[in-house]
Amino acid sequence: MPKIKTNRGAAKRFSKTGTGKIRRAKAFRRHILTKKSTKRKRNLRGGAIIDSRDHANVARLIPYL
(Lines give C-alpha, C1' and ligand atoms only; values in the text may rest on other atoms or scores of the structure.)
Protein backbone atom coordinates (compact mmCIF):
# COMPACT_ATOMS: atom_id res chain seq x y z
CA MET A 1 0.00 0.00 0.00
CA PRO A 2 1.54 3.37 -0.98
CA LYS A 3 1.93 6.24 1.43
CA ILE A 4 -0.67 9.01 1.44
CA LYS A 5 0.52 12.49 0.55
CA THR A 6 -0.09 15.18 3.14
CA ASN A 7 -1.88 18.27 1.86
CA ARG A 8 0.80 20.88 2.52
CA GLY A 9 -1.66 23.78 2.71
CA ALA A 10 -3.63 21.98 5.40
CA ALA A 11 -0.44 20.99 7.24
CA LYS A 12 0.42 24.69 7.63
CA ARG A 13 -3.06 25.56 8.93
CA PHE A 14 -3.86 22.69 11.28
CA SER A 15 -2.06 20.82 14.04
CA LYS A 16 -3.03 17.90 16.23
CA THR A 17 -3.29 18.02 20.00
CA GLY A 18 -2.02 15.27 22.26
CA THR A 19 -5.46 13.70 22.42
CA GLY A 20 -5.88 13.66 18.62
CA LYS A 21 -8.13 16.69 18.22
CA ILE A 22 -7.28 19.12 15.44
CA ARG A 23 -6.43 22.71 16.32
CA ARG A 24 -6.97 25.68 14.02
CA ALA A 25 -6.39 29.44 14.12
CA LYS A 26 -9.29 31.87 14.23
CA ALA A 27 -10.21 33.99 11.22
CA PHE A 28 -10.63 37.80 10.90
CA ARG A 29 -7.35 38.80 12.56
CA ARG A 30 -5.20 39.62 9.51
CA HIS A 31 -6.04 43.19 8.53
CA ILE A 32 -8.57 46.02 9.03
CA LEU A 33 -8.00 45.77 12.77
CA THR A 34 -8.65 49.42 13.64
CA LYS A 35 -12.44 49.09 13.53
CA LYS A 36 -12.46 45.90 15.60
CA SER A 37 -12.69 46.26 19.35
CA THR A 38 -9.83 45.29 21.64
CA LYS A 39 -12.02 42.64 23.23
CA ARG A 40 -12.84 41.11 19.84
CA LYS A 41 -9.16 41.04 18.79
CA ARG A 42 -8.17 39.52 22.12
CA ASN A 43 -10.72 36.73 21.74
CA LEU A 44 -9.45 36.01 18.21
CA ARG A 45 -5.90 35.55 19.52
CA GLY A 46 -6.13 31.99 20.78
CA GLY A 47 -6.67 28.91 18.69
CA ALA A 48 -9.77 26.77 18.48
CA ILE A 49 -10.62 23.12 17.98
CA ILE A 50 -12.25 22.27 14.65
CA ASP A 51 -15.87 21.16 14.71
CA SER A 52 -16.55 17.44 14.93
CA ARG A 53 -18.37 17.55 11.58
CA ASP A 54 -15.17 18.70 9.84
CA HIS A 55 -12.85 16.29 11.66
CA ALA A 56 -12.96 13.42 9.14
CA ASN A 57 -12.28 15.66 6.14
CA VAL A 58 -9.38 17.53 7.75
CA ALA A 59 -7.88 14.36 9.22
CA ARG A 60 -7.78 12.89 5.72
CA LEU A 61 -5.69 15.86 4.56
CA ILE A 62 -3.11 15.52 7.36
CA PRO A 63 -2.71 11.77 7.90
CA TYR A 64 0.75 11.83 9.52
CA LEU A 65 0.64 14.94 11.70
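This is a predicted model: local features need pLDDT of at least 70, side-chain atom pairs count only at pLDDT 80 or more; totals for chains, interfaces and linings use all residues.
Three strands, S1, S2 and S3, form an open sheet. Their order is S1-S2-S3, and the pairing is antiparallel. Which strands sit at the edges? They are S1, residues 15-16, and S3, residues 48-49. Each of these edge strands pairs on one side only. Now look at S2, which covers residues 22-24. S2 and S3 pair in the antiparallel sense over 2 bridges.

Next, turn to the core. The largest nonpolar core has 7 residues. They are Ala10, Ala11, Phe14, Ile22, Ile50, Val58 and Ile62. Pick out Ile22, one of these core residues. What does Ile22 touch, leaving aside residues up to four places away in sequence? Its contacts include Phe14, Ile50, Val58 and Ile62. Ile22 also touches Ser15, Lys16, Ala48 and Ile49. His55 and Ala59 complete the list.

Now follow the loops. Gly18 lies in the loop between S1 and S2. Is Gly18 buried or exposed? Gly18 counts as exposed because its relative accessibility is 87%, and the cut-off for exposed is over 50%. Compare its position with that of Lys39. Gly18 and Lys39 are 21 residues apart in sequence. In space, their C-alpha atoms are 29 Å apart.

Another glycine, Gly46, lies in the loop between helix H2 and S3. Helix H2 spans residues 38-45. Gly46 is partly exposed, with a relative accessible area of 36%. Gly46 and Arg24 are 22 residues apart along the chain. Their C-alpha atoms are separated by 9.3 Å.

The phi angle of Phe28 is near 70°, a positive value in a residue other than glycine. Phe28 counts as exposed, at 61% relative accessibility. Ile32 is found in the loop between S2 and H2 too. Ile32 has a positive phi of about 55°, although it is not a glycine. At 47% relative accessibility, Ile32 counts as partly exposed.

Lys36 also has its place in the loop between S2 and H2. Lys36 is buried, yet it has no salt bridge. How far away is the nearest side chain of opposite charge? That side chain belongs to Asp54, and it is 20 Å away.

Finish with the charged pair. Side chains of opposite charge can pair when their charged atoms come close. In this model the count comes to 1 salt bridge. Which side chains meet in it? They are those of Arg53 and Asp51, at 2.7 Å from N to O. The two partners can also be described by their accessibility. Arg53 is exposed, with a relative accessible area of 70%. Asp51 counts as partly exposed, at 35% relative accessibility.

Terms used. Residues are numbered from 1 along each chain as its sequence is written. Side-chain values use heavy atoms; hydrogens and water are left out. A salt bridge is a side-chain nitrogen of Lys or Arg within 4 Å of a carboxyl oxygen of Asp or Glu. Buried means under 20% relative accessible area, exposed over 50%, partly exposed in between (1.4 Å probe, protein chains only). Two strands pair if DSSP finds at least two bridges between them. Helices (H or I, at least four residues) and strands (E, at least two) are DSSP runs, numbered from the N terminus. A nonpolar core is a set of buried Ala, Val, Leu, Ile, Met, Phe, Trp, Tyr and Cys residues joined through side-chain atoms within 4.5 Å. Contact means heavy atoms within 4.5 Å. Lys and Arg count as positive and Asp and Glu as negative; His and the chain ends are not counted.
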